[in-house]
Amino acid sequence: MNILNLITEIERVDPEVYERLDQRRQMFRHFAGFGKKLAASAVPLAVGSMFQKAYGQSSGLSDQVKFVLNFALGLEYLEYYFYQTGLDSAGLLTGQARNSVTTIRNDERKHVDFLRSVLGSAAIADPGAGAYDFTGAKGGARQALFPTVFTNQGTFLAVAQALEDTGVRAYKGGAPLLISNNTVLEAALNIHSVEARHASHIRTVRRGGPQAVPGTLNSMPKSWISGNDNGGPAPSATAPVYGAGNPAADYPGEENTTQAGVNLASLPGVTMAEASEAFDEPLDPSTVLAIAGNFIK
Amino acid sequence: MSEIFEESSAVEKAVDKSNTPLQRRSFLRFTGAGVVLTGLVLAGCDDSLTDDELNAAASSDSKGDNNRVVNVGSGDFGILNFAYALEQLEAAFYAAVLASPYYASASPAERAALKDLEAHERIHREFLKTGISANGGTPIEDLEPDFSSIDFSSRSSVLGAAMAFEDLGVSAYNGAGPLISNPVYLGLAGKIVSVEARHAALIRDLLRYGNFVGSDVVDTRTGLEISMRPSQVAAMANKYLKPGSKINVSKLPRD
């Protein structure tokens, strides 16, 4: 069976299929699952147009949903260009780290394309690589935060960790704002967990692979966030990635150990570190923008 | 398999309501075929009890009654109890791992990871139990796991099961998230699911370095993680629960 034939067939029988997909989320899922069984190379074109029509403006995204998705798109552009520039920097990434960064770069590109297809003409424009300065010097306007980001693999991976951990917190902060649109909410959750997988892997690479025991939280971290991770890989610059957002009551730092009024650290046999590791925290848009702003000229 | 048919028949019912021509219904059978394929791959529902069978089974107060099922309930508390059931399973699994012959001889890195995972899942379990009560709900009872299919002396068996549990947890939270109506509960589920995803990535890297976003869990076209419906998740989870402790999710919201 061929996915393209199938979609053509469906369109002929049911011209409004795309509009109906939005209401019939279950059905849409089945298409997605069905496509997955078939040759991936045959799929993107047809599925791309399906996404646009199924999620897109014809069904009317609310301004809030558009805001959250564009906010996410902005972060995905940032991540994509970060990894792409890293891969383009001769001699920077070698061995398994290069393979992993390539995998992650590809995911971020797909997230960009996916979010653009959902937003349609409401999507913010692609700023291009030239919009970013990943040294944190804002195009020479100030002293660089990470002068060796594209010449030292360790620095690159440290910045990668900060960006991925920020991404996880940003999607987590945005998800409840999408509660009115189940289809979009689920898609956002499905990106959120992939960002968490990326974050985990980058952390694993930084400590020397999965068979190395975690050491110092800044340079050889666990694959999850322990306390506030001592402010992250470069505390003077990365502390906001792990600290409290605004307001702090709603966006506590990653060291938080009380969830919904339950003091986890008071449970029998639970340490403070474990209690903080078991939950990740959301971050508010303005704090996320302040972090991301370090890398935008 | 019948819970999957049930989903497609729900679609057909909705179509019936709108006086859809017969022709359109025949195309829906196409998608029905897709559903079956997807369901078989994701849920492997060959030997699991379906919702219908679970419903048909007589309820009983006796834990010894093999036909008895544990219904997680409806609404947001149903979803929270569904999560609580999965966290019970994960916590019990890692407790068994820490006592296993494999753990005793595992590498220091693997021991460190599994020790953290045991603590995290135990915290998730206790948090959900306490949180459900504190918010006026009733937590389901303690479930009795059945890990007889896992060889606790074998690294590949233990880590393979750990991977299955962690991936299942992520896809379950992602699939259930949109069914939650209270944004606070949604936020809490979000705080847990990313930790499960971090677990899953490390376990996958332990089994095969670089497989943290394998094509069995992340859609290769979109870069989105693949969710699972509660009925699919329950079918998989029930393989690791004893008769009399199997969960029924038939009252959970569906969309």
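A residue counts as buried under 20% relative accessible area, as exposed over 50% and as partly exposed in between, with a 1.4 Å probe and protein chains only. The exercises below concern a predicted model, in which local features need pLDDT of at least 70 and side-chain atom pairs count only at pLDDT 80 or more, while totals for chains, interfaces and linings use all residues. Residues are numbered from 1 along each chain as its sequence is written, chains are lettered from A and ligands numbered from 1 in the order in which they are written, and side-chain values use heavy atoms, with hydrogens and water left out.

**Exercise 1. Determine which residues join Asp165(A) in one salt-bridge network.**

Solution.

Step 1. Side chains of opposite charge can pair when their charged atoms come close. The criterion for a salt bridge is a side-chain nitrogen of Lys or Arg within 4 Å of a carboxyl oxygen of Asp or Glu. Over all chains, the structure holds 19 salt bridges.

Step 2. Between Asp165(A) and Arg203(A), the closest N and O atoms are 2.9 Å apart, and the two form a salt bridge. Asp165(A) belongs to helix 7 (residues 153–174) of chain A and Arg203(A) to helix 8 (residues 182–206) of chain A, so the pair ties together parts that are 38 residues apart in sequence. Helices here are DSSP runs (H or I, at least four residues), numbered from the N terminus.

Step 3. Asp165(A) also forms a salt bridge with Arg198(B), the closest N and O atoms being 3.1 Å apart. This pair crosses between chains, from helix 8 of chain B, which holds Arg198(B), to helix 7 of chain A, which holds Asp165(A). Asp165(A) is buried at a relative accessible area of 1%, and Arg198(B) counts as buried at 0%.

Step 4. Arg203(A) forms a salt bridge with Asp229(A) as well, with the closest N and O atoms 2.5 Å apart. Asp229(A) is in the loop between helix 8 and helix 9 (235–242) of chain A, and Arg203(A) is in helix 8, 26 residues apart. Asp229(A) counts as buried at 0% relative accessibility, and Arg203(A) likewise counts as buried at 0%.

Step 5. Through shared partners, salt bridges join Asp165(A), Arg203(A), Asp229(A), Asp280(A) and Arg198(B) into one network.

**Exercise 2. Classify the ring pair of Phe77(B) and Tyr185(B), then that of Phe93(B) and Phe147(B).**

Solution.

Step 1. Rings of Phe, Tyr and Trp (its six-membered ring) pair if their centres lie within 6.5 Å; planes under 30 degrees apart count as stacked, over 60 as edge-to-face and the rest as tilted. The structure holds 22 aromatic pairs over all chains.

Step 2. The ring centres of Phe77(B) and Tyr185(B) are 6.2 Å apart and the planes stand at 45 degrees, so the pair is tilted. Phe77(B) lies in helix 4 (residues 75–98) of chain B and Tyr185(B) in helix 8 (residues 183–207) of chain B, so the pair ties together parts 108 residues apart in sequence. Phe77(B) is partly exposed, at 26% relative accessible area, whereas Tyr185(B) counts as buried at 12%.

Step 3. For Phe93(B) and Phe147(B), the centres are 5.9 Å apart and the planes are at 75 degrees, so the pair is edge-to-face. Phe93(B) is in helix 4 of chain B and Phe147(B) in the loop between helix 6 (108–134) and helix 7 (155–176) of chain B, 54 residues apart. Both Phe93(B) and Phe147(B) are buried.

Conventions
Helix = DSSP H or I, 4+ residues; strand = E, 2+ residues; numbered from the N terminus.
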